[in-house]
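Here's a quick tour of a protein fold, from the overall layout down to what packs inside. Have a look at the chain before reading on.

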Amino acid sequence: MREKNYNIELIRTISFILVIVIHVTNYFCRAFGKINMGEYGFALILDTFARVSVPCFFMISGAMLLGRTESAAKNWNRLIRFLPPLLFWSVVYYLFNIYYMGSDFELSEILAVPAEPHLWYLYAMIPIYLVLPFFQAMFRGMNDKLFYLLAVLGTGVEIVMYVLSLFGIEPYYDVPLFGDRIYAYYFMLGYILWKYKDSSRIHTRNLWIIFIASNVINICLTAMVSVGTGEHLERTLEYGCPFVMASAGAFFLLMVRAGNGQIRISSPWKKRIDALCSCSFGIYLIHILFLDNYKKHLEAEAVSAWIAVPMLTVSILLVSFLSVWLIRKLPGGKAIT
């Protein structure tokens, strides 16, 4: 059995907490004009810095899987494990949204549109896992120069795709390795950053500068355009935005380098982190139920963001963890969380 690397486990723990922060702060950012600028700025700062979380999930998977030599059967089993939670939570959110939230949803579109938007993560991971054995074989045959070129090519392609999208331009063909979304790029980048974490020449101080500067620029740009247009700008917070890419890559490399690549944690804290991480996927899946319940009864301007954001983040995290912990005690509970 592989020994756990707690650098990776800490990234996982921080990331699923930050996903909750994103979804909570989004509610307040989208209420631009209804809440005051102090509240909007507070929510925007947290939302922007938290954007490293989703790229980190893909980078963790890439770092841990792309370097392995595994049988096709093992990869197939890994892929199949995604189907029960996708099916179960699609049904849950379909019923929840139709009969409780009063939302419209066309069941015939389920292959193209998730029953709840945040389930897109499963829609993205399943195709990646489908081709994972081929990626693994390709990566085993690559040398340092090819890894470098892949990182440069991927970064360049994603930046160009993002800039073109701002002008409503969509290339006739996608670049095969990366497709039309950025998630395969993050998956591969995670492995490259993990593989070269010790030999990379980027100084830790410079990584901190990249991480902070890219987020500060993104916050200022988003706020400036939002104030100018009178509507919250979403495009700068997309995972394909170059500033989000820079922030996520710097954060991931900082974390995997911490403690010389092997953070030492006391046994009591290991148990807490292990307990949280064992429920992290389930927390990601279930937490929207509790957040949407809040949205159903309270408008964003009803409670100050200064109070609501931390209160909601902590309470949703706790009730989600408890719910998933209990579900995992039930027969079949682990298969859906």
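Read along the sequence, this predicted model goes α-α-α-α-α-α-α-α-α-α-α-α-α-α. In other words, the protein chain has 14 helices and zero strands.

How does the overall size work out? A compact globule of 337 residues would have a radius of gyration near 20 Å, and the protein chain has 20 Å, so the two agree. Here are some whole-chain values for the protein chain:

| Property of the protein chain | Value |
|---|---|
| Box filled by the C-alpha atoms, along the principal axes | roughly 55 × 50 × 50 Å |
| Accessible surface | about 17,200 Å² |
| Distance between the mean positions of the positive and negative charges | 15 Å |

On that accessible surface, carbon and sulfur atoms account for 66% of the area.

Now for the inside. Buried residues are 49% of the 337 in the protein chain. Take the contacts between residues at least 6 apart in sequence: 83% of them join residues at least 24 apart.

Which residues touch the most other members of the largest nonpolar core? They are Phe28, Phe58, Tyr129, Tyr186 and Phe252, in a core of 111 residues. Helix α1 (residues 6-29) supplies the largest share of this core, with 14 residues.

Leaving out residues up to four places away in sequence, Phe58 touches Trp120, Tyr121, Ala124, Met125 and Ile128, plus Tyr183, Tyr186 and Phe187. One of these partners, Tyr186, is also on the list of residues that touch the most other core members.

Terms used
Residues are numbered from 1 along each chain as its sequence is written. This is a predicted model: local features need pLDDT of at least 70, side-chain atom pairs count only at pLDDT 80 or more; totals for chains, interfaces and linings use all residues. Side-chain values use heavy atoms; hydrogens and water are left out. Helices (H or I, at least four residues) and strands (E, at least two) are DSSP runs, numbered from the N terminus. The radius of gyration is taken over C-alpha atoms; the globule rule is 2.2 Å times the number of residues to the power 0.38. Buried means under 20% relative accessible area, exposed over 50%, partly exposed in between (1.4 Å probe, protein chains only). Contact means heavy atoms within 4.5 Å. Accessible areas come from the Shrake-Rupley method with a 1.4 Å probe; for residues, only the protein chains shown count as cover. Lys and Arg count as positive and Asp and Glu as negative; His and the chain ends are not counted. The place of a charge is taken as NZ of Lys, CZ of Arg, CG of Asp or CD of Glu. A nonpolar core is a set of buried Ala, Val, Leu, Ile, Met, Phe, Trp, Tyr and Cys residues joined through side-chain atoms within 4.5 Å.
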